[in-house]
Amino acid sequence: MGTSNGSLDGMKLFCLPYAGGSATVFTKWKRELDSRIELIPVELAGRGRRFVEPFYPSLHDGVMDISTAIMDQIGDKGYSLFGHSMGTLYICELMKQIQANGWEKPQHLFLSGMHPPHIQDKKKIHHLPDDEFWQEVIRLGGTPKQVSENKELMEIFTPVLRSDYKNVESYITEAPQEKWDMDITVLVGDEDEITSIGDIRQWKEYTTQSCSIVTFQGGHFFINEEEKKVIDLINRTLIA
């Protein structure tokens with residue numbers, strides 16, 4: 001399943017984070033990634049080194065912000081995209097921009113921990129009072145204990161998480177009119193409460209090429225628990 005020029009010249013891998021996540025969630029991947037893959041974690045406004053910038057009013061606004069930066073960095077190596085949870089929706093919206101503008105297409109998409117965007121989440125949490133909101137966030141996992149047990153850190157992270165959840169929960173789209181013309185790999189945890197294998201299988205409707213579904217042990221944040229296996233999958237897929 002390796003790409004045509006991935007094995008020869010290497011490849012850039014742009015990674016898009018989950019709700020509340022920053023680029024730093026991917027930086028530690030560099031240790032295990034094949035040296036021919038250049039890791040480029042994408043920083044969204046309102047977190048990390050862009051902490052002082054205002055949050056995006058919508059997921060579409062976020063994609064309009066990051067799309068030019070991504071396209072400017074592609075170079076001549078070829079590139080792929082990895083997104084987890086919210087990051088997967090960013091990829092879907094980014095693909096619309098790529099197709100509409102005739103930009104260079106990614107060679108591979110990794111869609112992790114999220115059902116296709118035409119399937120709407122039944123449970124919405126972004127409007128809940130702080131206590132209930134955090135109960136739901138903590139239940140899904142992925143929030144470091146030092147954050148959930150520290151009032152000051154929670155006050156810093158609450159606006160980021162609320163903004164991200166609002167954008168995810170209000171993002172409505174149809175299955176793309178124009179199917180993607182590339183192989184995709186879908187990653188899912190076998191105990192993920194957010195999605196089901198039946199929903200995950202519907203990603204096959206989004207591409208004219210192959211759709212591989214890979215199940216990992218764990219819940220919604222299996223990418224933390226199964227990090228090495230996730231990176232091994234990326235290496236095998238991108239480097240023939």
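Visitor: What order do the six strands take in the open sheet, and how do they pair?
Guide: The order is E2-E1-E3-E4-E5-E6, and the pairing is parallel. Strands are DSSP runs of E with at least two residues, helices are runs of H or I with at least four, and both are numbered from the N terminus. Two strands pair if DSSP finds at least two bridges between them.

Visitor: Is this a predicted model, or what is it?
Guide: This is a predicted model, where local features need pLDDT of at least 70 and side-chain atom pairs count only at pLDDT 80 or more, while totals for chains, interfaces and linings use all residues. Residues are numbered from 1 along each chain as its sequence is written, and side-chain values use heavy atoms, with hydrogens and water left out.

Visitor: How many bridges join E5 to E6?
Guide: Six bridges join E6 to strand E5 (residues 183-189), and the two run parallel. Glycine 189 has phenylalanine 216 in E6 as its bridge partner.

Visitor: Which strands does helix H3 touch?
Guide: Helix H3 (residues 59-73) packs on the sheet and touches strand E1 (11-16), E2 and strand E3 (79-84). Contact means heavy atoms within 4.5 Å. The direction of H3 makes about 165 degrees with that of E1. Axes are lines fitted to C-alpha atoms, for helices over the stretch in contact, and angles run from 0 to 180 degrees between N-to-C directions.

Visitor: And H10, what does that helix touch?
Guide: Helix H10 (residues 227-238) touches E1, E2, E3, strand E4 (108-112), E5 and E6. The direction of H10 makes about 160 degrees with that of E4.

Visitor: Now helix on helix. At what angle do H5 and H7 cross?
Guide: Helix H5 (residues 130-140) and helix H7 (residues 151-169) cross at roughly 80 degrees, with axes that come within 11 Å. H5 and H7 are therefore roughly perpendicular, a term for angles of 65 to 115 degrees. Residues making the contact include Phe133 and Trp134 of H5, and Phe157 and Tyr165 of H7.

Visitor: How much of the chain is buried?
Guide: Buried residues make up 54% of the 240 residues, where buried means under 20% relative accessible area with a 1.4 Å probe, protein chains only.

Visitor: What box do the C-alpha atoms fill?
Guide: The box is roughly 50 × 35 × 35 Å along the principal axes.

Terms used
Buried means under 20% relative accessible area, exposed over 50%, partly exposed in between (1.4 Å probe, protein chains only). Angles under 35 degrees count as roughly parallel, over 145 as roughly antiparallel, 65 to 115 as roughly perpendicular and the rest as oblique.
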